[in-house]
Amino acid sequence: MVRHPIGVHVGPGLTDDNELADGGPLARAAEMDADGVQIFLTDPQSYTSPKPRPDADELLQSDVMVVVHAPYMLNVASTNNRIRIPGRKLLTEHAQAAAAVGAIGMVVHGGHVLASDDPAVGVDNWRKTFTYQAKNGGFPLPLLIENTAGGGNAMARDLDAIARLWDAIGEFGAGFVLDTCHAWAAGWDLAAAVEDIRAITGRVDLVHLNNSRDAAGSSRDRHAPLTDGEIPTELLVEVARSANCPVILETPGDAPAHAEEIELLRRALA
């Protein structure tokens, strides 16, 4: 595997026969000449526990980088016990299933609390999640917290919020995913984003390199193709170059379009 692979999110990545009929994530990676893939292990909008994948051994033995994205529904920051407590259990289950397919890490959204809640409670809930897991051997792979596009009480939208979160969980080895569309939507200066995040977390483990359909500061999470959005392509390339870490494209488009984006990035970063 190349030192800094370029991968693509390849869809639901579920374990039923229909999802794997086309050969699964490895076949998709080969089709696009991608170095890696990002997959879900269940419906991302559900609280379903992941099942063993029939292609787990192939994924483990492959040179293709695998990243798992946790369900969007997980919110361990929540002050609602009916959301937070099952979410912690499901987070552990997904982390174990991600490790079973050889994933380098599992992407998790930072979550949020309600407008009436104190964000400090959400930060403390994240710390409690890591503290509890540490007492039980820790997570079997790195959890990669992703910045989000909107929400005033989000745990990982604004840089100061991320700083508060990292003060609470940084000691547990949490990783960070920089999503360029989300950062743009949140009004960050993308030219300084990598430096700004490293000043807070000390690391950028993965970049979700996505363009945006909307103007800077819109709080709207609508991805666009790499060269067809509101973010200058040169700026996106510079983020990838500065981060100097694995890249996952979550851009819309078919396999040929993604193959072109991968080739563009390889040439630009060579």
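At the start of helix H10, a side-chain oxygen of aspartate 254 comes to within 3.0 Å of the backbone nitrogen of alanine 257. The model is a predicted one, in which local features need pLDDT of at least 70 and side-chain atom pairs count only at pLDDT 80 or more, while totals for chains, interfaces and linings use all residues. Residues are numbered from 1 along each chain as its sequence is written, and side-chain values use heavy atoms, with hydrogens and water left out.

Helix H10 covers residues 255–269, and its 15 residues at 1.5 Å a residue should span 21 Å, which agrees with the 21 Å between its end C-alpha atoms; the expected span is 1.5 Å times one less than the number of residues. Its buried residues are Ala255, His258, Glu261, Ile262 and Leu265, where buried means under 20% relative accessible area, exposed over 50% and partly exposed in between, with a 1.4 Å probe and protein chains only. Seen down the axis of H10, these buried residues fall within an arc of 120°, so they line one face of the helix; the arc is that of the directions from the helix axis to the C-beta atoms. The face turned away from that buried side carries the exposed residues Pro256, Glu260 and Arg267. The cover over the buried residues of H10 includes strand S1 (6–9), helix H2 (24–32), helix H9 (233–243) and strand S10 (247–249), a contact being heavy atoms within 4.5 Å.

In the loop between S10 and H10 lies threonine 251, which is buried, with a relative accessible area of 6%. A polar contact of 2.6 Å joins its side chain to that of glutamate 261; such a contact is a pair of N or O atoms within 3.5 Å, where within protein one must be able to donate a hydrogen and the other to accept it, and residues adjacent in sequence count only if both atoms are side-chain atoms. When residues up to four places away in sequence are not counted, threonine 251 touches Leu209, Asn210, Asn211, Ala224, Pro225, Leu226, His258 and Glu261.

The loop between H2 and strand S2 (36–39) holds aspartate 35, which counts as buried at 16% relative accessibility and whose side chain makes a polar contact of 3.0 Å with the side chain of arginine 266. Aspartate 33 is found in the loop between H2 and S2, and its phi is near 55°, a positive value in a residue other than glycine. Serine 219, placed in the loop between strand S8 (211–212) and strand S9 (223–224), has a positive phi of about 65° although it is not a glycine.

Turning to the protein as a whole, there are 10 helices and 10 strands. With 270 residues, a compact globule would have a radius of gyration near 18 Å, and the protein has 18 Å, which agrees; the radius is taken over C-alpha atoms, and the globule rule is 2.2 Å times the number of residues to the power 0.38. Buried residues make up 52% of the 270 residues, and, among contacts with a separation of 6 or more, 78% are between residues 24 or more positions apart.

Conventions
Helix = DSSP H or I, 4+ residues; strand = E, 2+ residues; numbered from the N terminus.
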